Amino acid sequence: MTTNKTTFSEIYSKSDAQARADDIRIFKLELDRLLAEGALELSTAQIDAISSHHSSLLSRYSTVFDIDTNSKSKQLSLGMKVASFLGALALAASVFFMFFQFWGMFTTATQVTILVLGSIISFTATLLIQAKDGTGYFTKLSAMVAFTCFVLNIVMLGQIFNITPSDKALIPFAAYAFLLAYFCDLRLLLAAGIICVIAFVSARTGTWGGMYWLDFGERPENFFPAALLLFFAPTLFHDKQHPDFAPIYRVFGLLTLLLPVLVLSNWGAGSYLHFNHETIESIYQVIGFLVSAAVVWLGVKRGQSDVINTGVTFFVIFLYTKFFDWWWDLMPKYLFFLVIGLFAILILFVLRRLRVTESA
Amino acid sequence: MTKSRRTFLLTGLAVIAITNLIAFVGIAYNRIGEPDSTLNLSERELRIPYSWRENNSVSMELKWRVPPNKISTLTDREYAWDFSVPKWLTKQKLMSLGFDEPMLNSMVGELMNGSYGIAQSKQVFIVLELNGPAYREMQEQIFKQGVNQDQAKREEERSRLIAIDAGLDFDALRANYPDRKQYAILRGNVKPTTVYSKQQDVMGMISSIPVSQVNIPVDMRGSYISSESLGDLHKFQASIAFGKRLEPWLLAFTPSNN
């Protein structure tokens with residue numbers, strides 16, 4: 001990923017700093033090649049000035065943002081990201097199951113005290129860890145535990161006191177997840193918050209349609225308002241300090257739109273529409289093709305690879321689903337898969353052509 | 001501490017505090033004053049669900065039944081998720097609960113042409129009657145149709161809590177069923193379904209009563225600590241109160257192995 005930001009003061013986030021560091025590393029490699037091939041001549045003073053400037057920038061980025069300055073540390077960072085992601089999920093699961101293992105032995109007062117204190121202590125611990133942790137990996141672990149403790153706090157209160165389940169509980173869950181995500185710069189918590197928003201908006205849409213809120217999944221169209229909200233959120237609220245968050249919003253928005261369309265293109269009985277089910281499925285199949293093609297076009301126009309990839313993936317899924325409907329029973333299996341393979345090659349040619357056009 | 005950290009800390013603590021406060025206010029409101037109803041139930045009306053090994057919390061689940069449309073199903077069902085269709089939840093009753101008549105009519109047509117879809121549920125108030133006229137009528141019908149000894153014994157162990165009515169107006173239902181020791185009114189979900197009788201017809205079913213589990217606090221369990229040990233308990237009495245928000249809590253729990 002490259003960046004157009006040129007001065008230190010224009011770098012707001014770790015991802016911007018990392019992108020600039022990667023540009024510097026690639027620039028150094030190419031400059032060495034050009035000098036060796038005689039395509040470029042620079043004086044020693046000029047080379048030293050560039051080298052000194054880059055060293056100074058990398059040193060400041062490393063101190064402020066804890067970035068990877070070479071390819072080996074980048075590979076290690078990838079390993080740390082995977083480890084912290086899995087560790088965060090495992091710790092959250094551990095807290096969840098530990099609570100269930102022991103909580104039945106405590107009195108009600110003790111249970112409530114443990115729940116509330118658990119939320120407060122885990123949240124405070126996240127703040128303290130974030131202050132010391134330059135890498136962000138330990139902060140992710142702690143933030144995930146804090147989020148789990150808060151969700152447990154509310155859910156277990158509901159079980160202890162037999163409270164009627166309500167979709168309104170999703171509002172504080174989302175608020176808490178977004179707070180942790182934005183302060184600690186954590187995409188995992190952002191995803192958790194987005195999932196809560198999707199559930200709440202879809203449940204509300206369902207209740208406005210007259211159904212019980214927990215049944216919102218029975219009508220996949222309930223997800224459409226949440227999908228539009230998420231997809232256009234980064235356009236409406238541009239956030240320079242978290243450039244990595246916009247793709248998360250967009251991808252979740254597209255998944256929330258296209259997955260229900262895919263479901264309805266095969267299951268017309270779940271629609272609010274009062275037509276024959278086969279007609280509904282045909283309508284949604286056409287919508288699926290058109291929307292995923294439009295998403296690819298939009299992604300190409302805006303230069304958003306996450307949008308392009310999601311659009312292409314769903315276009316292919318809709319296409320293959322259609323092929324299955326038409327030909328699975330008609331063709332021998334080897335021929336069916338041969339046709340699928342040939343279409344995949346065709347799509348590759350189309351995408352290569354698109355890439356060449358964009359490069360030009 | 002920097003300003004942003006202070007803001008983060010205060011905002012997070014505020015979210016935790018406000019959410020818990022709202023929950024506690026709701027709990028207090030539900031339990032304040034006289035309960036809306038109090039039922040003295042037994043192991044016939046309360047089931048201790050299977051609890052997985054890593055969960056030592058203990059709760060009971062309400063077991064309720066409905067007077068079914070077809071008499072032959074009376075001896076079949078046992079658990080709270082009885083999906084048989086109450087004979088009083090007719091198409092007219094569904095319309096009084098706000099279901100659309102054209103939608104109900106179209107359901108039969110959809111069933112006939114094989115394109116039956118999922119009907120939408122609706123939240124209403126359900127009236128549960130404990131050991132009242134509906135239960136006695138069901139008993140008469142069962143024994144009138146003739147049952148063997150095993151079936152008779154099973155029926156003696158089944159729930160006396162019967163769902164007898166539904167409505168959208170809580171106050172109107174309470175006015176019709178004023179005895180708060182015999183009638184509990186809870187929130188539940190109904191949905192239309194098709195039945196095969198002499199002709200295809202639409203009736204309703206009670207798909208769920210969401211708040212039907214009641215936690216047993218540890219100080220009420222006596223020597224029974226876990227759901228596994230409570231599973232050995234064959235007889236008990238429990239007094240359950242339903243508050244202003246129609247949420248239940250346990251007033252008394254008396255085990256008995258007699």
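How many residue pairs are in polar contact between chain A and chain B, counting pairs with both at pLDDT 80 or more?

Modeller: Happy to. The count between chain A and chain B is seven residue pairs in polar contact, both residues at pLDDT 80 or more. A polar contact here is a pair of N or O atoms within 3.5 Å; within protein, one must be able to donate a hydrogen and the other to accept it, and residues adjacent in sequence count only if both atoms are side-chain atoms.

A word on the ground rules. This is a predicted model, in which local features need pLDDT of at least 70 and side-chain atom pairs count only at pLDDT 80 or more, while totals for chains, interfaces and linings use all residues. Residues are numbered from 1 along each chain as its sequence is written, chains are lettered from A in the order in which they are written, and side-chain values use heavy atoms, with hydrogens and water left out.

Between chain A and chain B there is one salt bridge, meaning a side-chain nitrogen of Lys or Arg within 4 Å of a carboxyl oxygen of Asp or Glu. Its partners are Lys191(B) and Glu218(A), at 3.9 Å from N to O. Over all chains, the count by this rule is 17 salt bridges. The pair runs from strand E6 (residues 183-196) of chain B to the loop between helix H7 (187-208) and helix H8 (224-236) of chain A. Helices (H or I, at least four residues) and strands (E, at least two) are DSSP runs, numbered from the N terminus.

Now the wider interface. In all, 46 residues of chain A are in contact with 47 residues of chain B, where contact means heavy atoms within 4.5 Å. The two chains bury about 4000 Å² between them, with 63% of it on carbon and sulfur atoms; buried area is the accessible area (1.4 Å probe) that two parts lose on being put together, summed over both.

As for chain A as a whole, this chain has 12 helices and zero strands. Its C-alpha trace spans about 75 × 65 × 40 Å along the principal axes. Leu86(A) sits in helix H3 (residues 71-102) of chain A.
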